[in-house]
Amino acid sequence: MVDTAPAVAPSLAAVPPSRRVAPTTEPRLVRGVLIAITATFLSVFLLFPLGVVFVEAFRNGTAGFLSALADPQAQSAIRLTLLVAAIAVPCNIVFGVAAAWAVAKFEFRGKTLLVSLIDLPFSVSPVVAGLVYVLLLGSNTLIGGWLQESFGLRVIFAVPGIVLATIFVTFPFVARELIPLMEQQGNGDEEAALSLGASGLQTFWRTTLPNVKWALLYGVLLCNARAMGEFGAVAVLSGKLRGQTVTMPLHIELAYNEYASVSAFSVAALLAGLALVTLVVKTFLEWKYADHIAGTGRH
Amino acid sequence: MQLDIRDIAKDFGATAALHGVDLTIRSGELIALLGPSGSGKTTLLRIIAGLEFPTRGQVFFGPDDASHRSVQERNVGFVFQHYALFRHMTVYDNIAFGLRVRPSATRPGEAEIRKKVETLLDLVQLPEYGKRFPAQLSGGQRQRIALARALAIEPKVLLLDEPFGALDARVRKDLRRWLRELHDRTGHTTVFVTHDQDEAMELADRVVVMSQGRIEQLGTPDDIYDRPATPFVYDFIGEAFRVPVEVSGGAVLFEGNRLDLPAQGVRDGRATLFVRPENVSLAPPADGLLPAQVEILRRAGARRRAEVALGAGAIRIEADYGAGVEVALKQPVGVAIREAGIFPAA
Amino acid sequence: MPSATFRTPSVIPGFRLAFGFTIAYLAVIVLIPIAGLYVQTFTLDWAELWRILTDRRLLAALQLSFGLSLLAAAFNVVFGLVVAWVLTRYSFPGRRILDAAIDLPFALPTAVAGIALTAIYAPNGIIGQWLAPYGIRIAYTQAGIFIALVFIGLPFIVRTVQPVLEQLDREVEEASATLGASRLRTIFQVVLPTLAPATITGFALAFARAVGEYGSVIFIAGNLPGKTEILPLLIVIRLEEYNYAGAAAIAAIMLTLSFVILVFVNIVHAWSQRRFGHG
């Protein structure tokens, strides 16, 4: 069958063909250099600062770390942060679920605008987020003055303000994890449940919620991390009254500015630990339940 | 450009995708690599293109060993299954890309490129589409632009990976005919991969049937259909039903009945007959015919089809029969096998 | 009230409740306070507003915040593309950890990042002490602000580019190679243009975040008026002076910028969807 028998050419290259680089990747050396750049860059810029937090926290040993946390002001900051998160996160869960239900399960005009507005707090500077409440609810404003006189409720420079600011900055987290997933899942399951005689509420609890539970957990996780760590918005309207309106991030600032480095870094280490746990759980969820989380990697 | 593939083997880790394939593709020929998924047909095509490197073996482009040439140096036109058009470039820029990336010594001027692109757009019958983006084209149009882009570099060979796989049935048929005409006009040596036997049979000068990294048969569509070389080809191409038989002294026996078929050099012992429905005749029971019973009757397009249980009833085959033949459900019938493949039992 | 033309009829219940609650909550938490800010700003008479906006200290802060944010975002585009490329294309030990670490700036509270960066780059800090003898100062200078802005901006680029890179069809790169393009050419003419919309989006997000960033910057910034004083800090300072109008005016500038960037990102997205069929 071979009519023009080609002479067997001598091997042209020393490299056996199977070891040649595939045409859609780069030579080994280039890959090595790029990996080295990435590893160095990420280590210096991201991992190193994280490590420093723990090093500084344990500068005086475990005892120093523990005594810094046992300090009454640190204790009060931890309690306040937990309280604020315990209010803000559930509020945003309820909102997130309601918003996702409205946006993903129905077609209506102005939907794109609504979704953009839900995302708005992400692009607002935390300082501005705090400021808008000061301007709206400060004791010298119309609403703020009325609240204080009628109910004796102080919002700004008090815990309610901190809660409000925290809700603002963590506002989109749950909603934006749920919306894309629920849109992608469509209405089929709900329509099936309804046609089988389930009530609206039963449909929600038994079909919708189980379908989105991992995305919900994912959103709650990110929401909580931000709620506990928020600094700028809270700094503007807390008034920083020790033992009363100082959250963990604010405690870090106060201690750091007073050169109580170990105290600052001990509380910082606690928050960094929370961040690490968040990242680990997040990575785990992304790995294990990738199909059940639509908005992976977008914040 | 003649292509010679010499003892090409490819391992992906521990699994072998190709075990020493030899194949010669004549200049100007249109060849189909046909096989189920995992048969190694796409791997072979990619090795010819230089997108994959073989573990062993050589590829000759004419008299030159191309084994050590990179894909860029091989100058092959490759059309991808999903077209792989550059989405951020217009149709015009897509087609011109291969000319513009040439080293300056061989790069044509923009005027020449323009002429060439326009000629190609005419050739693929999309003359007005130069300014569009791929996202604005239908699947069939994208396929034709992908082909024009591949032809722009004046390739030595044209390689197409499942060229019609992503298109709907009607577009596929039109495009098939169009590709055949185009090939006859341009005369490129062309290899295309497909898992669709109709496509391979209709389009190709010769068909390479592959299975599990080996070539099962190489031949014209008629060879492949009428004279399958292996049990695999019998099963894969067209319809065939297996009948276990005994070969004894050159005679073929089914449950003791002698069939009027040659043993085709199969040694004495158990063997398997591969019977196509169109090679079976039905008649009223008579001597010299296999006794059988009609089990199911159905109409398949222009054909009438009967499913009959042979002899004792454990073996069923299907038969096409004409209007003059009287058959009735659950009634005995005589079966004559006019032609069949015979292979030693595995 | 939702009317028949406002929404497409559906058998799924609960629209009024969910939609009503969503709008009410959104209004109370976000829209009314933000509207209040603009109202506050525009109650100022024009002369007053002009005086605030042309304040030398404000102009310096504007220039600093915008300039360094652009610079940091541009720096992050280059390194972010490399990082995204390496993390999606290559497999090497530790890849998963590095990939997870990308989100660190999102997860780590800004105050924690701020004091950690300061501890590293202060003149007596871990890196700072080696640079100090050569007269190189990072913390309490613009270089310190830049580093903090790089830190918080990186994930925006990486995380917007990564999904596009993952979905990028290898066939397209192979097609480029069969047409004779070198690897470098394929990357610059085929791969990078495809990543452009995502990169622009990431750049805009990183820039917006950098302009508004407070916590991770103020510790390392030094906060010298006219030199290392960023816009958000100026708001805080005005607020501490009980100059609410001044604070509101600066905030209005920043907020408007946020809107502009948001609209810009949406336009880029819509344009790229229309033209290339992907985001």
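Predicted model: local features only at pLDDT ≥ 70, side-chain atom pairs only at ≥ 80, totals over all residues.
Biologist: How far apart are the end C-alpha atoms of residues 215-239 of chain A?

Modeller: That span is 88% helix, with 0% strand. For residues 215-239, the value is 36 Å.

Biologist: Nice. Are helix 8 and helix 10 of chain A roughly parallel or roughly antiparallel?

Modeller: Helix 8 covers residues 173-185 and helix 10 covers residues 200-229, and their axes come within 7 Å. The axes cross at roughly 160°. Because angles over 145 degrees count that way, helix 8 of chain A is, relative to helix 10 of chain A, roughly antiparallel.

Biologist: And which hand does the crossing of helix 8 and helix 10 of chain A have?

Modeller: Residues of helix 8 that take part in the contact include F173(A), L178(A) and Q185(A), while helix 10 brings, among others, N211(A), G219(A) and R226(A). By class, this contact has 12 nonpolar, 3 polar and 2 charged residues. The crossing itself is right-handed.

Biologist: Let's turn to domains. What distance lies between the C-alpha centres of domain 1 and domain 2 of chain A?

Modeller: The assignment gives domain 1 as 26-57 and domain 2 as 68-292. In their contact, 5 residues of domain 1 meet 7 residues of domain 2. The domain 1 side of chain A has 4 nonpolar, no polar and 1 charged residues. The centres lie apart by 31 Å.

Biologist: How many polar residues are on the side of domain 1 of chain C that touches domain 2 of chain C?

Modeller: Chain C is split into domain 1 (12-43) and domain 2 (46-276), with centres 29 Å apart over C-alpha atoms. Here 5 residues of domain 1 are in contact with 6 of domain 2. The domain 1 side holds 3 nonpolar and no charged residues, and its polar count is 2.

Biologist: Last one: which helix of chain C gives the most to the side that touches chain A?

Modeller: Between the chains, 80 residues of chain C are in contact with 77 residues of chain A. The chain C side divides into 61 nonpolar, 12 polar and 7 charged residues. With 14 residues, the top contributor on that side is helix 1 (residues 15-42) of chain C.

Methods. Residues numbered from 1 in each chain as written. Chains lettered and ligands numbered in written order. Helix = DSSP H or I, 4+ residues; strand = E, 2+ residues; numbered from the N terminus. Domains from an automatic or database assignment. Contact = placed C-beta atoms within 7 Å. Nonpolar A, V, L, I, M, F, W, Y, C, P; charged D, E, K, R; others polar. Axes fitted to C-alpha atoms, helices over the stretch in contact; angles between N-to-C directions. Parallel < 35°, antiparallel > 145°, perpendicular 65-115°, else oblique. Left-handed = near helix turned anticlockwise from the far one by under 90°.
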